[in-house]
Amino acid sequence: MKPRDRILVVDDERLIRMTLRTMLESEGYDVDEAETGSGAFDRLRENDVDLVVLDYRLPDTNGIEVLRRIREEQPAAGVVLMTAFSSIDNAVEAIKLGAYDYLNKPVHRDDLLATIAKALETTRLRREVARLRDEQRRSFGIASIVGRSKAMQDVFVLIRKVAESTAATVMIRGESGTGKDLVAKAIHYASDRSDKPFMNITCSALPETLLESELFGHERGAFTDARQQKKGLLELGHEGTVFLDEIGEMGPTLQAKLLRFLEEKAFKRVGGTADIRVDVRVIAATNVDLEKAVRENRFREDLYYRLKVIPIYLPALRERREDIPLLVEFFVDQFNREFRKNTQRVTPEAMRTLARYRWPGNVRELRNVVERAMILENKVELDITDLPEEILQEGDVDREAVSAAGGAGAVLLPEDGIALKDVERDLVRQALARSDGNQSRAARLLRISRDALRYKMKKFGFG
C-alpha cells in the first residue's frame, strides 16, 4: 500500500490547527501539529515530513526563520507559508528560501488543498531527483572503478585531490579502453559539482563545424539549418563538468576557440555577438601522444599546457595484471545479474591464461571476453574452452589442458603444430555428423551449450 503523505501544521491558534487537521485527515493525509517554532523542530526531529503548512507569526519566532531551518535540516520537505499580515518583502524572501507558496489568511479550502497537492508533487519530484543523484554517486563514484594495484591506488588518490580542488581543467591520458570516462565521472561525482550537470562529447564523432555548435551553441539563422537558438554543452553544463573525450582529434580552429574559453571563461554562440560566461570544470581525455602532436603542429602548444594543469595517467591493463582476477570477478557478477546466470567462478588455468594475455583493448576488451563467454555458456564454472582463440594462442596455453577440459577424447598435437580453429572446426563437423545434424546432441557431445554450438556453426559456415 502506498504510504500516506505526512503534513506538519504549525500555527499558534488551536482552532486553526484543529480545522486544518480535520480537513487534511479527511483528504487522506497523516497530520501532526505544533504551536511554536521550537515545537515544530521537535516534531521534525521525531519524523520526516513531506510538507509543512506554516504560519508566519509564532510566539517564539517567525515563519521565515523556521523556513530557513527546515531548509537546513529537511531540505526535501515542501513548505507552504500562511499569514494574516502579508507583506511583499516577506513573500519574496519566503520564495527565495524555497517555500512553495505564500498564502494570505483566510485561505479558501479548495485553494489550500490544491496548493498542498501541488507542493507535495514538487516534494516527490525533489526527492526522486535526490535519489537519482545518490544513485549516480554510487554508480559512478571512485568505488565503481575496480583496482587494487599500486598504479590504480595512485590514480584514486589523484581523483580525490582533483575532486576536492577548484581545478578548472584536468587531462586524463591512457590507451583506448582503460576507463578514462569512468575517471572523469568519478571526479565529477566526488566533487561539490555532483548535483550539477555532467556533459560529455567525443571530439572525433562530429565534423568540426557541428562540434563547435554542440560545444558553444548557436543563434537562430547562424547557418542554413539553424531554425532556432540552441544552447551548447558549455552553457548547459554551467556549474558542472564538461568531458571532452578524444581531445587530440579536435581541429585547429576549434582548438583556438576552446583556448579562449579556458582563459576567459567566456564564449560566443555560433553566429552570436554577446559573450556568455559560465563556470564549468573541463576534463579532457586522449589516447594519442599530444607532445608529438604539438611537435607536428597538429595540436596547439598553448592549449596543451592549459589543459595539462593536472594530468592523470591511466595505466594499461598489462601494466596492472594483478587487477585482472578482481576485474573478472566484477564482470562475472555484473553479467550474472544482467543475464540471470549463475556462474560462480573461473578456473585457475583460465585465469592464468587471461593474466598472460597482452590485452591491447585493455579493460574494455576483458569485459567483452567475459560477456561473450557468459552469453554463449550457461555453466557454473568458466574454463579455458570458453576463451577466444586469440587469447589461447597468445597465452601459451597447455593444449592437453584444453583437451581435458573439453571432454575425454583428447586431440593430439602434431609435431609441426596445427591451427586451433582447424581443430575446433573439425570437432564441430564430427559432432554434427555423429548426431545426424541434431544440434542438441552435438552440443552434448562437445560439452557446450546449444547456443554456443550455433555460434560456432555460424563461425565455421556450417548449415
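For the classes used below, Ala, Val, Leu, Ile, Met, Phe, Trp, Tyr, Cys and Pro count as nonpolar, Asp, Glu, Lys and Arg as charged, and the others, Gly among them, as polar. The model is predicted, so that local features need pLDDT of at least 70 and side-chain atom pairs count only at pLDDT 80 or more, while totals for chains, interfaces and linings use all residues. Residues are numbered from 1 along each chain as its sequence is written, and side-chain values use heavy atoms, with hydrogens and water left out.

**Exercise 1. The second largest pocket**

Task: Describe the volume, the lining and the residue classes of the second largest pocket.

Solution. Start from the search, which runs on a 1 Å grid over the protein atoms alone: a pocket is an open set of points with protein on both sides within 12 Å along at least five of seven lines, a cavity is a set where a 1.4 Å probe fits but cannot get out, and lining residues have an atom within 4 Å of a point. Grid points are joined across faces, edges and corners, and a volume is the space filled by probe spheres set on the points. Next, assign the lining to elements, where helices (H or I, at least four residues) and strands (E, at least two) are DSSP runs numbered from the N terminus. Two or more lining residues come from each of helix 5 (109-140), helix 7 (180-189), helix 13 (324-339) and helix 15, and helix 13 gives the most, with four residues.

**Exercise 2. The largest cavity**

Task: Which residues line the largest cavity, and to which classes do they belong?

Solution. The search of the whole structure finds one cavity of 30 Å³ or more, and the volume of the largest cavity is about 60 Å³. The lining consists of Val328, Val346, Leu354, Val369, Val370, Ala373, Leu382 and Leu387. Helix 15 (residues 362-376) supplies the largest share of this lining, three residues. By class, the eight lining residues are nonpolar, with no polar and no charged residues.

**Exercise 3. Arg372 and its surroundings**

Task: Is Arg372 buried or exposed, or does it fall in between, and what does it touch?

Solution. Arg372 lies in helix 15. Buried means under 20% relative accessible area, exposed over 50%, and partly exposed in between (1.4 Å probe, protein chains only); Arg372, at 22% relative accessibility, therefore counts as partly exposed. Contact means heavy atoms within 4.5 Å, and, leaving aside neighbours within four places in sequence, Arg372 is in contact with Asp386, Leu387, Pro388 and Tyr455. Of these, Pro388 is 16 residues from Arg372 in sequence and 8.9 Å away in space, C-alpha to C-alpha.

**Exercise 4. Glu322 in its loop**

Task: Where is Glu322, and which residues does it contact?

Solution. Glu322 has its place in the loop between strand 14 (311-313) and helix 13, and at 53% relative accessibility Glu322 counts as exposed. Leaving aside neighbours within four places in sequence, Glu322 is in contact with Ser149 and Lys150. The C-alpha atoms of Glu322 and Ala143, which are 179 residues apart along the chain, are separated by 18 Å.

**Exercise 5. Confidence along the chain**

Task: Where in the chain is confidence lowest, and where is it highest?

Solution. Take pLDDT, the predictor's confidence in each residue, from 0 to 100. The mean pLDDT of the chain is 89, and 94% of its residues reach 70 or more. Confidence is lowest in helix 17 (residues 399-406), at a mean of 48, and highest in strand 13 (residues 281-286), at 98. Over residues 404-410 the pLDDT is below 50, and this stretch has seven contacts in the model beyond near neighbours in sequence.
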